[in-house]
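Look at the model below before reading on.

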Amino acid sequence: MTPMRIALIAHDKKKDAIVALASEFAALLREHTLMGTGTTGGRLQSEVGLNVERLLSGPLGGDLQIGSRLAMGEVDCVIFLRDPMTAQPHEPDISALLRACDVHNVPCATNVATARFLLDDLARR
Ligand SMILES: O=C(CO)COP(=O)(O)O
C-alpha cells in the first residue's frame with residue numbers, strides 16, 4: 001500500500017484524546033507519513049514514539065502550513081480533534097484549513113468517532 005500523508009492536530013483539551021487514539025492505532029500510523037502541528041506533534045513523538053514531522057504550533061501558523069501543503073496536493077488525510085467549547089485566537093486559520101479540506105475533497109476527521117472510521121478504513125486497505 002502506498003503510504004498516506006496524514007496530518008494530526010489537536011487543540012489543548014483534545015491532546016490526551018489524540019495521544020490515546022494514536023497509541024491505539026500506532027502500528028497502522030507507523031506505515032504512513034505523519035505531520036502535525038508543533039505541540040501535538042511533539043506529544044505524539046515523545047508519548048507514542050511516532051515519527052512526526054513537526055510544523056509550527058497552531059496559533060503560530062501550523063494550521064496554515066498544513067492547509068498550504070494540502071492545497072498543493074501534499075496531504076491525503078487530516079485528523080483534527082477540535083475543541084468546540086473553547087474560543088481559539090487563531091480561529092481564522094482553523095477555518096481556512098477546514099475549508100481547504102472541503103475545497104480539495106480531503107478527508108478530515110474533527111472528532112474521535114470520525115477519526116476511528118477513517119483509521120479503521122485505512123487499516124483495511
Ligand atoms: O492549535 C492547534 C490547532 O488549531 C494545535 O496546535 P498545537 O499542536 O501546536 O497545540
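Two strands pair if DSSP finds at least two bridges between them. Helices (H or I, at least four residues) and strands (E, at least two) are DSSP runs, numbered from the N terminus. The structure is a predicted model, in which local features need pLDDT of at least 70 and side-chain atom pairs count only at pLDDT 80 or more, while totals for chains, interfaces and linings use all residues. Residue numbers start from 1 along each chain as its sequence is written.

Start with the sheet. Five strands form an open sheet in the order S3-S2-S1-S4-S5, and their pairing is parallel. Strand S3 (52-54) and strand S5 (108-109) are at the edges with a single partner strand each, so one side of each has no neighbour in the sheet. Strand S2 (residues 33-36) runs parallel to S3 and is joined to S3 by three bridges. Within this pair, Met35 has Glu53 of S3 as its bridge partner, and Gly36 is opposite Arg54 in S3. S2 also pairs with S1, again in the parallel sense, over four bridges. There Arg5 stands opposite Thr33 in S2.

The helices come next. Helix H1 (residues 15-24) lies across strand S1 (5-10) and strand S4 (77-81), and runs at about 145° to S1. Axes here are lines fitted to C-alpha atoms, for helices over the stretch in contact, and angles run from 0 to 180 degrees between N-to-C directions. The axes of H1 and H3 come within 10 Å and cross at roughly 45°. H1 is therefore oblique to H3; angles under 35 degrees count as roughly parallel, over 145 as roughly antiparallel, 65 to 115 as roughly perpendicular and the rest as oblique. On the H1 side the contact is made by Lys15, Ile18, Val19, Ala22 and Ser23, and on the H3 side by Thr40, Arg43, Leu44, Glu47 and Val48. Two residues are in contact if their C-beta atoms, placed from the backbone, lie within 7 Å. By class, this contact of H1 with H3 has five nonpolar, two polar and three charged residues. Ala, Val, Leu, Ile, Met, Phe, Trp, Tyr, Cys and Pro count as nonpolar, Asp, Glu, Lys and Arg as charged, and the others, Gly among them, as polar.

How do the axes of H4 and H5 cross? Helix H4 (residues 62-71) and helix H5 (residues 91-103) have axes that come within 8 Å and cross at roughly 20°. The two helices, H4 and H5, are therefore roughly parallel to each other. H4 contributes Asp63, Leu64, Ile66, Gly67, Leu70 and Ala71 to the contact, and H5 contributes Asp93, Ile94, Ala96, Leu97, Ala100 and Cys101. The contact of H4 with H5 has nine nonpolar, one polar and two charged residues.

Which residues surround the ligand? They are Ile9, His11, Thr37, Gly38, Thr39, Thr40, Ser57, Gly58, Pro59, Gly62, Asp63 and Ile94, where a residue is near a molecule if its C-beta atom, placed from the backbone, lies within 6 Å of it. Helix H3 (38-48) and H4 each supply at least two residues of this shell, and H3 gives the most, with three residues. By class, the shell around the ligand has three nonpolar, eight polar and one charged residues.
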